[in-house]
Amino acid sequence: MINASHLTKIYKTDAIETTALSDVSFHVDKGEFVAIMGPSGSGKSTLMHILGALDIPTSGSYILDGQDVGKLKDDDLADIRNRKIGFVFQAFNLLPRTTAIRNVMLPMIYAGVAAEKREETAKAMLTRVGLGNRLYHTSNQLSGGQQQRVAIARALVMNPAILLADEPTGNIASAQAEEVMAIFRRLNDDGHTIVMITHEPDIAIHSKRIITVKDGKIIADKKNRQNRVKLQEIKEDG
Amino acid sequence: MEYRELLAESIGALTLNKMRTALATLGIVIGIGAVIALVSLGQAGQKAVSDQIQSLGSNLLTVLPGAQRSGAVRGAAGGGTSLTIADANAITSSPQITTVQNVSPEISRREQVTAGRNNTNTQVIGVVDVYDDVRNMTMAEGTFITKRDVDSLAKVAVIGPQVATDLFGDGIDPVGQSIRINKIAFRVAGVPVSKGGSGFFNQDDMVFIPISTAQQQVFGVDYVSDISVEAKSSDVMTEAENQIGTLLLQRHRISDPAQADFQILSQQDILGAATQVTGTFSALLSGIAAISLLVGGIGIMNIMLVTVTERTREIGLRKALGAKKQTVITQFLTESVILTVMGGMFGMFLGIALSFVIAKIINLPFVLSLSSIVLAIVVSGGIGILFGWYPAQKAAGLSPIEALRYE
């Protein structure tokens with residue numbers, strides 16, 4: 001599903017070059033649930049941007065669902081983001097004062113899905129994340145956890161190749177965080193491929209594989225089948 | 001992105017901050033309002049002038065004396081003394097002239113006219129009996145000057161309704177009353193129907209007397225100030241003009257038409273000159289109004305730039321979810337066009353109301369032209385695109401990463 005090889009990203013500001021990622025290669029199969037961990041400044045955000053087709057690598061190749069994303073133009077990248085990637089952001093990023101169902105329909109509007117189909121799919125997805133009774137609540141009428149569930153529904157409506165979550169529980173209370181992680185696990189059980197960026201070990205533990213990044217390089221890549229990796233071990237790698 | 005969604009999103013965004021939307025629109029409202037008000041007042045002015053000229057008769061030619069010459073010095077056109085009653089009689093009776101129906105020589109001057117203790121300064125015109133036919137004049141009371149009056153140097157006068165009011169006040173029948181022009185007593189024979197009008201040629205503010213009396217007893221001259229000629233129809237105007245020209249050149253013994261001591265004007269010529277003046281004036285005013293429209297447009301650009309900065313995060317999100325550059329541009333352009341077209345519509349109503357009120361106050365006909373409505377909508381839409389372009393480009397050019405990070 002994801003095939004990243006020798007990804008390097010160098011930022012140039014004035015005369016200073018900063019290497020955010022250097023020669024990162026890994027592979028994610030369909031149906032995996034991967035957590036990418038690392039302290040701040042480790043390059044995990046840069047990696048997230050490249051995986052999310054929000055940015056292109058300086059060198060190396062990134063193949064997503066059989067398509068080489070590394071060399072696409074802006075509008076083609078927008079198309080990839082629309083059809084193949086479902087984003088879940090730390091700050092939810094719902095449109096303010098807009099109903100849950102309209103927020104969820106937004107990616108389908110950009111994809112040109114017919115109005116009836118849009119509504120039907122949005123309702124189904126909101127029901128799937130447990131918000132079937134909150135369709136017409138606006139973002140500010142929902143709790144943090146509920147808002148994140150709306151964002152997850154929005155990420156799912158285009159049936160993307162991967163779900164890309166960036167610190168999905170960073171802004172919500174821990175009880176609701178558990179709820180959100182339970183939804184991710186259930187989605188993964190249903191066959192969705194999930195890549196999650198986090199710096200919290202007790203969130204990473206919900207995944208099935210943990211990649212640890214530091215100073216722009218992968219320093220650990222461990223399976224976590226049935227959550228066998230111990231919390232302690234993750235903490236040591238981080 | 002579908003139009004329906006685009007409109008829904010744009011209207012949603014604009015209603016989030018109603019006060020700002022209203023203020024941004026105000027500049028366009030005032031600009032379009034000013035343009036429409038001035039354009040329609042200009043058209044009303046033009047219509048008033050041309051109506052007035054048309055009401056004098058569309059198949060009318062006016063023969064004016066040429067500039068007075070003494071050696072190489074040329075005086076003001078129309079101020080000459082080269083035309084006489086004999087010229088007018090020749091136009092009437094010459095076998096060369098086949099296209100003319102009525103000939104009306106006139107001599108006019110401003111005089112002080114008194115009746116009892118009232119007096120007014122007005123235009124006194126010496127006329128012949130066909131004057132009322134030539135000038136489409138109908139009588140409200142009494143009779144017009146007759147041929148007998150002209151032949152017998154009668155001291156009778158037909159006074160315009162304005163003069164009648166000035167001299168006798170409202171509600172008094174002036175027919176049979178006596179007035180004095182240049183100390184000579186005249187009996188009022190009739191009052192014509194009011195034609196309205198104002199400004200340089202007001203037929204209601206005139207006194208008509210027989211031309212013979214005017215020349216010999218009031219003014220003491222032997223020339224006429226102009227000869228109005230009514231052609232048989234408006235189709236033979238050019239022919240009539242040529243025939244009269246040839247006849248008068250012969251009579252005045254002038255071989256070179258360029259040296260003619262008279263000129264012949266049609267109503268069309270006069271209309272053209274008058275509308276040119278009013279047209280220039282209203283174009284100038286509209287130009288000034290257009291500047292306020294430009295200022296309004298810059299206001300829109302300013303607000304749209306603020307909006308783009310405020311909504312940086314939202315734009316980033318939209319791009320992350322798959323909005324293409326063009327989609328973002330279209331969305332922001334739609335918002336600015338909605339702003340300006342809305343302003344244009346309100347401005348249109350404002351302008352129409354304004355020109356209606358002003359027209360009423362200064363007594364002009366109220367003209368509502370379709371072109372000004374089309375202008376309001378097209379121009380305001382155009383302003384939306386023109387001044388919304390840069391902010392929209394700025395929004396579309398934002399990198400989704402930077403935009404999402406923006407706090």
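Q: Into which domains is chain B divided?
A: Chain B is divided into domain 1, which covers 3-52 + 273-405, and domain 2, which covers 83-260; these bounds come from an automatic or database domain assignment. The centres of domain 1 of chain B and domain 2 of chain B, taken over C-alpha atoms, are separated by 54 Å. This is a predicted model, in which local features need pLDDT of at least 70 and side-chain atom pairs count only at pLDDT 80 or more, while totals for chains, interfaces and linings use all residues. Residues are numbered from 1 along each chain as its sequence is written, and chains are lettered from A and ligands numbered from 1 in the order in which they are written.

Q: Why is α2(B) called roughly antiparallel to α12(B)?
A: Helix α2 (residues 18-55) and helix α12 (residues 370-396) of chain B pack at an angle of about 150°, with their axes 10 Å apart. Axes are lines fitted to C-alpha atoms, for helices over the stretch in contact, and angles run from 0 to 180 degrees between N-to-C directions. Angles under 35 degrees count as roughly parallel, over 145 as roughly antiparallel, 65 to 115 as roughly perpendicular and the rest as oblique. The angle therefore makes α2(B) roughly antiparallel to α12(B). Helices here are DSSP runs of H or I with at least four residues, and strands are runs of E with at least two, numbered from the N terminus.

Q: What makes α2(B) and α11(B) oblique to each other?
A: Their axes come within 6 Å and cross at roughly 40°. α2(B) and α11(B) are therefore oblique to each other. The residues of this contact divide into 19 nonpolar, 11 polar and no charged.

Q: What is the handedness of the crossing of α2(B) with α11(B)?
A: α2(B) passes α11(B) in a right-handed crossing. A crossing is left-handed if the near helix is turned anticlockwise from the far one by less than a right angle, and right-handed if clockwise. α2(B) passes α12(B) in a right-handed crossing as well.

Q: At what angle do α11(B) and α12(B) cross?
A: The axes of α11(B) and α12(B) cross at roughly 150° and come within 7 Å. The crossing of α11(B) past α12(B) is right-handed. The contact is made up of 19 nonpolar, 10 polar and 1 charged residues.

Q: How many residues of chain B are in contact with chain A, and which element gives the largest share?
A: In this contact, 17 residues of chain B meet 18 residues of chain A. Two or more residues each are given by α1 (3-16), α10 (312-320), α11 (325-361) and α13 (400-405) of chain B. The largest share, 5 residues, comes from α10(B). The chain B side divides into 9 nonpolar, 2 polar and 6 charged residues.

Q: Why do β2 and β5 of chain A stand at the edges of their sheet?
A: The open sheet has 4 strands in the order β2-β1-β4-β5 (chain A), with antiparallel pairing. β2 (16-28) and β5 of chain A each have a single partner strand, so one side of each is left without a neighbour in the sheet.

Q: How do you know that β1(A) and β4(A) pair?
A: Two strands pair if DSSP finds at least two bridges between them. Strand β1 (residues 2-13) and strand β4 (residues 59-64) of chain A are joined by 5 bridges and run antiparallel. β4(A) is also joined to strand β5 (residues 67-68) of chain A, by 2 bridges. β4(A) and β5(A) form a hairpin with 2 residues between them, and Asp65(A) in the turn has a positive phi of about 50°.

Terms used. Contact = placed C-beta atoms within 7 Å. Nonpolar A, V, L, I, M, F, W, Y, C, P; charged D, E, K, R; others polar.
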